[in-house]
Amino acid sequence: MTFDRLDLVSKLYQPTGWPRILEAASGGPSSGPLVVDLDPTTFCDLACPECISGKLLNQGRFTPERLAELAGELVEMKVRAVVLIGGGEPLAHRGTRTVLRVLGEAGIAIGVVTNGTLIRQNLAELAAYASWVRVSVDAGTSDTYRLFRPDRKGRSVFDKVIGNMRLLAEAKAGALGYSFLVMTRQEPGGTVVSNHHEVLRAAELAHDIGCDYFETKAMFDDGHHVIQVPDGILASVEEQLATARQWTGDGFEIVNSSTLTSLRNRVGPVQEKDYHRCPVAELRTLVTPSGVYVCSYHRGNAGARIGDAVTESLADIWRTSDRGIVDPSRDCRFHCARHRSNLELDKIRSGTVAGTLGVPEAGSEEDPFI
């Protein structure tokens, strides 16, 4: 079976992870996470005005030695997939190449979310070990890139990023994605600037680069609520994406993000949840230099912090922590990409899996990034 990269519900039905899926569905603690989001660093070489992690940058650090130890601990815990992501730029840490090598040689699937400025320096490891690399570009031209993703001196490094993506497209074994976050900002004086008009240009560029997919997403506010956009902007984006579908096929696809889908369906910023414990928190967690958190939506939230990976082993943190400290009905009223997975896990717990894929068959797994 081949899994849609964003169909998180179907990914629950994979044989290697099934025992831990059942542990999580039961409502009790799991023996370990299947997926770990790892922030190697909180430093970033860009200064994006809309950065949702702007208040979390430059807080704590992993030494290269500790980062290498963490990679070994993830292997020992039998984690199936690791996403190198961050409030900062994951490729900016000089120990990231070691992490890629240790995890990759152990057979752990690796995803990388990056701004693309440092792909060249990490090219060999990314090409050899990354299952996928998603580059946050958010523009189709250098001028618009400078408005929304300037470097720390206010300059555009658009051409450098696109050049790096071409290098990876030529060398890669895993999937390469071009990510476009639709943004609108009101400048002092009332002028409104936006990048939405460049969706089509960016999609065409992604196809020309040799990317495997192009993804358009909606913005979050500081509370992770999806920011609504004017009808005219949404209509423009939809029209551009419809035109961009002319390039799909032959290994290139236009990906429908869950956040953009929520805008299409006129879903409001609040996503109500009537359950009090998050089963997915038993399957996926976030490790950062400033702490280990129940999930990436709660990065930096002291109320969702379950340990300190700088001084404690991940196995000890997992064994002694309570991932139930977050109550989704109270603490997660934002749009959560794994809400449907939680609903499915409840069906698995109650035995009402009719209409789903059912118990997985050996040899059917494809994608561990649940």
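Reply: Buried means under 20% relative accessible area, exposed means over 50%, and partly exposed is in between (1.4 Å probe, protein chains only). This is a predicted model, in which local features need pLDDT of at least 70, side-chain atom pairs count only at pLDDT 80 or more, and totals for chains, interfaces and linings use all residues. Residues are numbered from 1 along each chain as its sequence is written, and side-chain values use heavy atoms, with hydrogens and water left out.

Me: Why is the unit of E3, H4 and E4 called right-handed?

Reply: Look with the strands pointing away from you: a crossover is right-handed if the path from the first strand over the helix to the second runs clockwise. E3, H4 and E4 make a β-α-β unit of that hand.

Me: How do you know that the length of helix H2 agrees with its residue count?

Reply: The expected span is 1.5 Å times one less than the number of residues. Helix H2 has 13 residues, 64-76, so it should span 18 Å. Its end C-alpha atoms are 19 Å apart, which agrees. After H2 comes lysine 78, with a positive phi near 60°.

Me: Which residues of H2 are buried, and what covers them?

Reply: Pro64, Arg66, Leu67, Leu70, Ala71, Glu73 and Leu74 are buried. Their cover includes strands E1 (35-38) and E2 (81-84), and helices H3 (96-105) and H10 (314-320).

Me: Why is glutamate 73 called buried?

Reply: Its relative accessible area is 15%, which falls under the cut-off, so glutamate 73 is buried. Contact means heavy atoms within 4.5 Å. Leaving aside neighbours within four places in sequence, glutamate 73 is in contact with Arg66, Ser313 and Leu314. Its side chain reaches the backbone nitrogen of leucine 314 at 2.9 Å.

Me: How do you know that the buried residues of H3 are on the same side?

Reply: The buried residues are Thr96, Val99, Leu100 and Leu103. They cover an arc of only 100° around the axis, which puts them on the same side of H3. The arc is that of the directions from the helix axis to the C-beta atoms. In general, an α-helix has 3.6 residues a turn, so residues three or four places apart point the same way. Cover for the buried residues of H3 includes H2 and strand E3 (109-114). Just after H3, glycine 107 has a positive phi of about 85°.

Me: What makes the contact of arginine 323 with glutamate 282 polar?

Reply: A polar contact is a pair of N or O atoms within 3.5 Å; within protein, one must be able to donate a hydrogen and the other to accept it, and residues adjacent in sequence count only if both atoms are side-chain atoms. The side chains of arginine 323 and glutamate 282 are joined at 2.8 Å. Arginine 323 is in the loop between H10 and helix H11 (328-331). At 3% relative accessibility, arginine 323 counts as buried.

Me: Why is alanine 304 called buried?

Reply: Its relative accessibility is 0%, so alanine 304 counts as buried. It is in the loop between strand E11 (291-293) and strand E12 (305-307). Isoleucine 325 is 21 residues away along the chain, with 6.5 Å between the C-alpha atoms. Isoleucine 325 is also among the contacts of alanine 304.

Definitions and conventions
Helices (H or I, at least four residues) and strands (E, at least two) are DSSP runs, numbered from the N terminus.
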